[in-house]
Amino acid sequence: MLVTTSYHPDAELEAKAQRLAAEYGGRPAPRRRDSLQKLMRSYGDPAVLLVAKGEIRYYEEDQDAMFFHPSMSQIRVKRLLGGEPDALVEACGALPGDHVLDCTAGLASDAIVLSCAVGASGSVTALESEPVPAMLIREGLAAYEADLPQMTEAMRRISVRHAHHLDVLRELPGASVDIVYFDPMFRRPIRESSSIAPLRTHANIAALTPEAVEQARRVARKRIVLKEQRTSGEFARLGFDSVLRSNTKTTYGVIQLC
């Protein structure tokens, strides 16, 4: 992966590019006046991380750029702060002070909402098994300035780990978190979901395993929650006998532990 900057970078931007290259195993590539395509050709590398003011963007050959954005979580947090219900928060039974393990963070939209729900006295750990999304959300959550101060604070509180959820679940002590949340790539993708489309080429598409659910039963104190299409057979296959009613294409399965 090449790491470069936007045109005419200042010293701060140059330093950030150097830091990102060192932390994520990238190769610094001075931008000068070259296009990204020219840099890829010159260095023989199909991937570029572009460091610009306020954001980073990951490009790979002719794929759409990947970058962190809170997406619909902005609207959901605003509604939550206004006293309106959120389907995920209700499915999780998330309360201030709860400790949440988001096993499949993706681009962290759900993690942001859950962090807002559990507040400063709680915690959200977001796991992402794939290196590019993990990098983008770690850097994005640390730098993005939301319109709502409460949302910015919630983003900063999230701990991001580049790790597979099964490895983490196996190592955690029993009853060490309140809620374990799974949102794996759907077995039958919803193609019109534009927010997730750029992630597909770098997502872990493996199905959730029964072992992961069993480990979650050991680790969670309150609930295990799975997001899937409402007609999915994954709920039954994995033992989620309580499936919430939904008027949308997706819903949540819940295993209540206490």
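Which helix gives the largest share of the lining of the second largest pocket? The exercises below work towards this.

This is a predicted model, in which local features need pLDDT of at least 70, side-chain atom pairs count only at pLDDT 80 or more, and totals for chains, interfaces and linings use all residues. Residues are numbered from 1 along each chain as its sequence is written, and side-chain values use heavy atoms, with hydrogens and water left out.

**Exercise 1.** Describe the lining of the second largest pocket.

Step 1. A pocket is an open set of points on a 1 Å grid over the protein atoms alone, where a 1.4 Å probe fits, with protein on both sides within 12 Å along at least five of seven lines; lining residues have an atom within 4 Å of a point.

Step 2. The lining includes Lys16, Phe67, His69 and Tyr144.

Step 3. Helices (H or I, at least four residues) and strands (E, at least two) are DSSP runs, numbered from the N terminus. Strand 4 (55-60) and helix 6 (131-143) each supply at least two lining residues. Helix 6 has the largest share, with four residues.

Step 4. By class, six lining residues are nonpolar, three polar and three charged. Here Ala, Val, Leu, Ile, Met, Phe, Trp, Tyr, Cys and Pro count as nonpolar, Asp, Glu, Lys and Arg as charged, and the others, Gly among them, as polar.

**Exercise 2.** Describe how helix 5 packs with helix 7.

Step 1. Helix 5 (residues 109-118) and helix 7 (residues 149-157) pack at about 105 degrees, their axes 8 Å apart. Axes are lines fitted to C-alpha atoms over the stretch in contact, and angles run from 0 to 180 degrees between N-to-C directions.

Step 2. Helix 5 is therefore roughly perpendicular to helix 7, a term for angles of 65 to 115 degrees.

Conventions. Angles under 35 degrees count as roughly parallel, over 145 as roughly antiparallel, 65 to 115 as roughly perpendicular and the rest as oblique.
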